[in-house]
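The following exercises are to be worked through with the sequence and the three-dimensional structure at hand. Each task is followed by a solution in steps.

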Amino acid sequence: MTDLSLTPNLLKSDILRHLTYTLGKDADHASTYDWRMALSYAIRDRIVEPWFTSTRRTWAEKRKRVYYLSMEFLIGRLLEDATINLGLYDTVQETMAGFGQDLRRLIDDEPDAALGNGGLGRLAACFMESMATLGCPAYGYGIRYEHGLFRQWFEKGMQVETPEDWLKMTNPWEFARPEAAYTVGFKGQLEIRDGREIWVPGETVTAEAHDTPVIGWQGRWANTLRLWAAKSTAMFDLKRFNHGDYSAAAEPETLARTLSRVLYPDDTTYQGKELRLKQEFFLTSAALQDILRRYLVDHTDLRGLPNAVAIQMNDTHPAIAGPELIRLLTDVHGLPFADALETARACLSYTNHTLLPEALERWATFTFGNVLPRHMQIVERIDSWHRNTFHPPHYVGIVKHHEVRMGELAFVMSHKVNGVSALHSELVKKNLFPELDRLHPGRILNETNGVTPRRWLKMANRPLSKLISDTIGEGWEDDLDRLQGLVPHTADAGFLAAFGAAKRENKVQVANWIGQEFGVKVSPDALFDVQIKRIHEYKRQLLNILETIAHWHKLRSGQIVDPVPRLKIFGGKAAPGYAVAKEIIRLINDVATIINNDPKTGDLLKVVFPPNYNVSMAERLIPASDLSEQISTAGKEASGTGNMKFMMNGAPTIGTLDGANVEILQEVGLENFFLFGLTTEEVIARRQVHEHERLAIEASPELQDVLQMIAEGRFSPEEPGRYHGIVNGVWHHDYFLVSSDFASYHAAQDRVDEAYADRQRWLRMAALNTAHSGFFSSDRTIRGYMADVWGVTPAL
């Protein structure tokens, strides 16, 4: 609940105390950073008590805990999020104004925590917030990356990667826990001691814990996000240092820190592959050691672990949890293998997030056995047990063709496996794990993803949030189904006008930001058409930019009567080693340069690609968006969560029947969704058609013109052949069916223009998207996990 005891005067006193005694500054000489830190510490003080209270209750009531293992936690900025969830935003704003400080400037001064890349990490962050809101006792376990993925900027349109520096300044939200430290080993050999086979690691590092409290709505419960930093187990080599060998003296520390420096290091080399496997094991082993240590405080029989512990593996990155938990139970705590196997499987569950084969990790047995020799033995034993017990077909197994298949390992070692949308879960059964599903009926279930409305509506979109509360009352923030109460109001012209005014307020802010930051003048009355997500061929940013070129060509040739002004916004990062994705980024930027400087089309079409897309940029762009681009090849997107955020903020979707688009369509209705493209079944059939690319291109004069312009160097006049690879790919190697879906997508965009030109029709569509978005709250998702997977009852 809102802390009524925290008056502006008391908060003022707390801020000045931290400014003076924590930061060593006085008010007259404090910088923006100083004020932001002092405020953050004062707000953190208000989080600590519910955090302690929640922990004490969990211990006292012997509650089962959820442990969420994820390589990513894309938590974004925490200052504004905390003030919103504690109900203190207005008090904080008033207090800081009294100091002559603009709260918005302080919020924007906070760096985004560089702990993730895309939907996987943001989902984990939403889940942590929803678990706290619902009173589900939980720990999140991740890695405290020093430099995250990378900071993106553009040089001549090309993506350039530089290290993130979010930890350059002190992080006020975390508590270092040097007492919570565990040794994690790698490599080495197996030895026989006292008749038992023992793993003697050849390398070790120390995992040190850093805890961030995660506060739920109204501050009623708080959980812990525990991030591990890698430190050397060896002391600094003073002897080498004194002999002048400075690099060698620091080598153990440097090698250890490498484990927690960068998210997803480039794995195109053997060294990169080894580092990624080490990172995954580092996270998982530290987490499991911590879980067992906590359990053994008030338990003695480890066979009872599943009654107190639910471990969720967020994708295959932590799939090594099965073998490592067995190792700890057998080698360290003395359980028989059969008991350890049964105990581990009862604790573990696995969320699959992808149908892309390359995203289901596979490790060469040489690499796996070299880095984790004991675990290679355990994996083979698990595989043998599964084969002898369930008799799968010969081609089904964990170790096959000199590879350790982490998807199969995660499946076999879990008591529940879930997909993240209705369509995706069916495809997991039908296409990804069909034989395992037949051997283990009922193990695969669906838990459709969701997003937290506290951050993505209440915080990110204050104008719309106020309108919602004024219309249906308070309380929708933790009961999002109440948004259905907006439906009758969508027939009211006054409500629609207010809805449009809220949207325009957000668009004016974004238009001003684009003008100031990127020098592109845009009108807030234009249709804001937005695609912001990781750059990947299956997400089809290429389809979007090809259609943008077609639209520009039609504008230039006068083929469009009464054209609707449109702003195309792209955002997202390509993996450093993903050459095709980086070429698509460059093409988008080159096209933007030509279009934005074309006097013939002027304000009718603009294209912008702000660099370094992150959570804070999403919070800026999504509330201002008119159209949500969810255009992946059907059958490739597991769920998507950006689609839900756009819907919640009143942006209709243009999309395929893929991922959670299917459920969005079901909720909002076809009349409020711009559907196009092949279905999953049609995609499979289309790929079997000989030269399907050529057939599609020859049937579309518009696409022919677009590809010809690109091939001739229209958008790269200084290097006409720059995009021959992209053009050739569309003509001859179009696995993601850009060519086959182009005509349907182009027609759907025409329907968008027609709808947007009818102001009342568009506003009603937008408002109905918000009204029907209640299903996509992550609170609903977490309730499903608690009941169907974890067996946890809420404490609230």
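**Exercise 1.** In what order do the nine strands of the open sheet lie?

*Solution.* The model is a predicted one. Step 1: reading across the open sheet gives the order β5-β8-β9-β2-β1-β10-β11-β15-β16, with mixed pairing. Step 2: the edges are β5 (175–186) and β16 (444–446), each of which pairs on one side only. Step 3: on average, neighbouring strands of this sheet are turned by 25° against each other, direction ignored.

**Exercise 2.** Describe how β15 and β16 pair, and identify helices that pack on the sheet.

*Solution.* Step 1: β15 (residues 416–419) pairs with β16 in the parallel sense, over three bridges. Step 2: within this part of the sheet, glycine 419 stands opposite asparagine 446 in β16. Step 3: helix α6 packs on the sheet and touches β1 (65–69), β2 (138–143), β8, β9 (222–232) and β10 (309–314). The direction of α6 makes about 135° with that of β9. Step 4: helix α32 (residues 778–790) also packs on the sheet, where β1, β10, β11 (348–351), β15 and β16 are touched. The direction of α32 makes about 115° with that of β10.

**Exercise 3.** Which residues are closest to the centre of the largest cavity, and which elements each supply at least two residues of its lining?

*Solution.* Step 1: the largest cavity holds about 220 Å³ of space. Step 2: it is lined by 17 residues, and Ile75, Leu78, Asp81, Pro213 and Val214 are the closest to its centre. Step 3: α3 (79–85), α6 (119–134) and β8 (203–215) each supply at least two lining residues. Step 4: by class, the lining of the largest cavity comprises twelve nonpolar, one polar and four charged residues.

Key
Residues are numbered from 1 along each chain as its sequence is written. This is a predicted model: local features need pLDDT of at least 70, side-chain atom pairs count only at pLDDT 80 or more; totals for chains, interfaces and linings use all residues. Side-chain values use heavy atoms; hydrogens and water are left out. On a 1 Å grid over the protein atoms alone, a cavity is a set of points where a 1.4 Å probe fits but cannot get out, and a pocket is an open set with protein on both sides within 12 Å along at least five of seven lines; lining residues have an atom within 4 Å of a point. Grid points are joined across faces, edges and corners, and a volume is the space filled by probe spheres set on the points. Helices (H or I, at least four residues) and strands (E, at least two) are DSSP runs, numbered from the N terminus. Ala, Val, Leu, Ile, Met, Phe, Trp, Tyr, Cys and Pro count as nonpolar, Asp, Glu, Lys and Arg as charged, and the others, Gly among them, as polar. Two strands pair if DSSP finds at least two bridges between them. Axes are lines fitted to C-alpha atoms, for helices over the stretch in contact, and angles run from 0 to 180 degrees between N-to-C directions. Contact means heavy atoms within 4.5 Å.
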